[in-house]
Amino acid sequence: MDKYEFNIKVEQIKKLVNKGDFETAMKIADTIDWRRVRNANLLAMISQVYEKNGEYSEAKEVLLLAFERAPIGKRLLYKLTELALKEGSVKEAEDYYREFCELAPEDPRQYILRYLILGAKGAPVEQLIHTLEQYCNVELDEKWLYELAELYNAAHMEQLCVMTCDKIMLMFGTGKYVDKAIDLKVQYAPLTDYQMDLVENKDKYEARL
């Protein structure tokens, strides 16, 4: 394949990715030998294409090529850890996790990776809670806050579950995790006036955002 044909195919893949058509993008990606490509960002995008199609081994192989091109990229190590877990390779994920921690010891995402690894190993819920609390204490992230609320629920820690749901509603106001937090809280406690307003005037808050 010459450079002109390669560039055309890459542009086609980018357009398909932007449209969310990862299946067609993968069909084009399959026709290219990515071992000859030097652009780490492009390789990372192609890895995402394979991941979206559930081809975790292919996604990891392409991302490893990107890591060879940019070996100091903590973003790539984070993603390699995720892909290894999706592939079921916990030991490999632990190796990438240790590299990530060595490269970025202050990055709070190390707690997320540790949490995912512990989950894959079937760790007790108390251990999962402790790890995720460390992340949520330094980062305001609705997805992981809600996950923490679910863990409190599973561990029958109702008061902490309600407090976490309250925090999600207060800090984010609207969105799917706010909706989930509302549904989870009402299992244990009534909604406040503000929270009822969120439910009854959802369209108003979404329009404001």
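User: In this predicted model, where does H156 lie?

Analyst: H156 lies in the loop that runs between α9 and α10.

User: Why is H156 called exposed?

Analyst: The relative accessible area of H156 is 62%, and the term exposed requires a value over 50%; H156 therefore counts as exposed.

User: What is the phi of H156?

Analyst: Phi is near 60 degrees, which is a positive value in a residue other than glycine.

User: Why is T164 called buried?

Analyst: T164 has a relative accessible area of 9%. Buried means under 20%, so T164 is buried. This residue is found in helix α10, residues 158–172.

User: Which residues is T164 in contact with, leaving aside its neighbours within four places in sequence?

Analyst: With those neighbours left aside, T164 is in contact with L145, A149 and Y152.

User: Why does L140 count as partly exposed?

Analyst: L140 has 45% relative accessibility. Partly exposed covers what falls between the buried limit of 20% and the exposed limit of 50%, so L140 belongs to that class. Its place is in the loop between α8 (125–136) and α9 (142–154).

User: What makes the nonpolar surface patch that includes L140?

Analyst: L140, L170, M171 and Y194 make this patch of about 400 Å². Patch residues need over 30% relative accessible area, and L140 has 45%.

User: What makes the other patch, formed by D30, E55, E58 and E61, a negative one?

Analyst: Asp and Glu count as negative, so the surface patch formed by D30, E55, E58 and E61 is negative. Of these residues, D30 is found in the loop between α2 (22–29) and α3 (40–52).

Methods. Residues are numbered from 1 along each chain as its sequence is written. This is a predicted model: local features need pLDDT of at least 70, side-chain atom pairs count only at pLDDT 80 or more; totals for chains, interfaces and linings use all residues. Side-chain values use heavy atoms; hydrogens and water are left out. Patches are made of residues with over 30% relative accessible area and no salt bridge: like charges are joined within 9 Å, nonpolar side chains (Val, Leu, Ile, Met, Phe, Trp, Tyr) within 5 Å. Accessible areas come from the Shrake-Rupley method with a 1.4 Å probe; for residues, only the protein chains shown count as cover. A salt bridge is a side-chain nitrogen of Lys or Arg within 4 Å of a carboxyl oxygen of Asp or Glu. Helices (H or I, at least four residues) and strands (E, at least two) are DSSP runs, numbered from the N terminus. Buried means under 20% relative accessible area, exposed over 50%, partly exposed in between (1.4 Å probe, protein chains only). The place of a charge is taken as NZ of Lys, CZ of Arg, CG of Asp or CD of Glu. Contact means heavy atoms within 4.5 Å.
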